[in-house]
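I opened this entry to keep track of what I looked up. The notes follow the order in which I went through the model.

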Amino acid sequence: MRVNLASSNPALLSIMEQPDQMITLDANFLIPPQRSRITSLGFDFETFRKLWLDPVFSAFPNLAIHEAVLDELIESSTRQYADEMLNSCPPRLQVHRDSTLTKAERMLRDAIERRIYPLTRYDPLWDNRDDRGEVKTLAYIAAKGLLYFAAHDSNALKLIENAEKWSTGLDNVQAIRMYEIIFYLYTHGLADRRGLKMLYKYRYYLTDREKESNPGWGHFIESMDKLYGSTGAK
């Protein structure tokens, strides 16, 4: 995953100003990262909860996931956490359900899904799990006119970034990347800064290739400060 420091993200600027806007999450925002092909090191759930999940849910009061993503949360600790957020009073997590779509929205959702699924590993005929959550989520929020999709998955993000070029129908959806939320939490003092640094390095600065293309932690924070200025901190 490439860290882009060339320009600011209007979506991040918007949620910095109004963090109570609805943000729809992909599964990788909720599941502890494991890069087992590269390293034996990873995050146990309690560590991930403390340095990432709790701060995210404290910072943003209007988070949501699609029902297909909820189905992906098969690890007991992650699913239990999601259920806690869903069942809290008031709920701290909402579920997007296709059954709530109007007839017109359902037709639009189906049309968008037909456009984007060939660009993924998902096949509606098989209804396989590969990329299912991303496809279902993006088609739903585009049909509903919801703006923000927060993800780490590069393929899902490309569907948004190349919306016009690939005619995905996702032109009005705006992507928020994990490193941008890491910066938000860091600059607002909403999470342990050493933990955020550790998460950033694990996600974006672990392999030799990532170290060649992505900034180190100090350069990352300095560059993001330049992009977002006084908007980044309160």
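**Helix α2 against helix α10**

I began with a helix pair: F48, L51 and W52 in α2 meet G195, L196, M198 and L199 in α10, where contact means heavy atoms within 4.5 Å. The axes of α2 (residues 45-59) and α10 (residues 193-204) come within 10 Å and cross at roughly 100 degrees. That makes α2 roughly perpendicular to α10; angles of 65 to 115 degrees count as such, under 35 as roughly parallel, over 145 as roughly antiparallel, and the rest as oblique.

**Ground rules**

This is a predicted model, in which local features need pLDDT of at least 70 and side-chain atom pairs count only at pLDDT 80 or more, while totals for chains, interfaces and linings use all residues. Residues are numbered from 1 along each chain as its sequence is written, and side-chain values use heavy atoms, with hydrogens and water left out. Helices (H or I, at least four residues) and strands (E, at least two) are DSSP runs, numbered from the N terminus. Axes are lines fitted to C-alpha atoms, for helices over the stretch in contact, and angles run from 0 to 180 degrees between N-to-C directions.

**Helix α9 against helix α12**

I then turned to α9 (residues 178-187) and α12 (residues 217-228), whose axes come within 11 Å and cross at roughly 85 degrees. These two helices are therefore roughly perpendicular to each other. On the α9 side I noted Y179, E180, I182, F183, Y186 and T187, and on the α12 side W217, F220, I221, M224, D225 and Y228. The contact of α9 with α12 has 9 nonpolar, 1 polar and 2 charged residues.

**The sheet**

In what order do the 5 strands of the open sheet run? I read β3-β2-β1-β4-β5, with parallel pairing; two strands pair if DSSP finds at least two bridges between them. β3 (93-96) and β5 (174-177) are at the edges with a single partner strand each, so one side of each has no neighbour in the sheet. The twist averages 35 degrees from one strand to the next. T24 stands opposite A64 in β2. Helix α1 (residues 10-17) lies across β1, β4 (148-151) and β5, and runs at about 75 degrees to β5.

**T78**

T78 lies in helix α4 (residues 76-87). Is T78 buried or exposed? With a relative accessible area of 4%, T78 is buried (under 20% is buried, over 50% exposed, partly exposed in between, with a 1.4 Å probe and protein chains only). Apart from neighbours within four places in sequence, T78 is in contact with L30, I31, P32, F45 and L73.

**Backbone notes**

Most residues other than glycine have a negative phi, and most peptide bonds are trans. I noted that the peptide bond from C89 to P90 is cis, with omega near 0 degrees. P90 is in the loop between α4 and β3. D127, not a glycine, has a positive phi of about 50 degrees. I located D127 in the loop between α5 (103-116) and α6 (132-144), partly exposed at 38% relative accessibility. S167, also not a glycine, has a positive phi of about 55 degrees. S167 is in the loop between α8 (163-166) and β5, and is partly exposed at 44% relative accessible area.

Note on methods:
Ala, Val, Leu, Ile, Met, Phe, Trp, Tyr, Cys and Pro count as nonpolar, Asp, Glu, Lys and Arg as charged, and the others, Gly among them, as polar.
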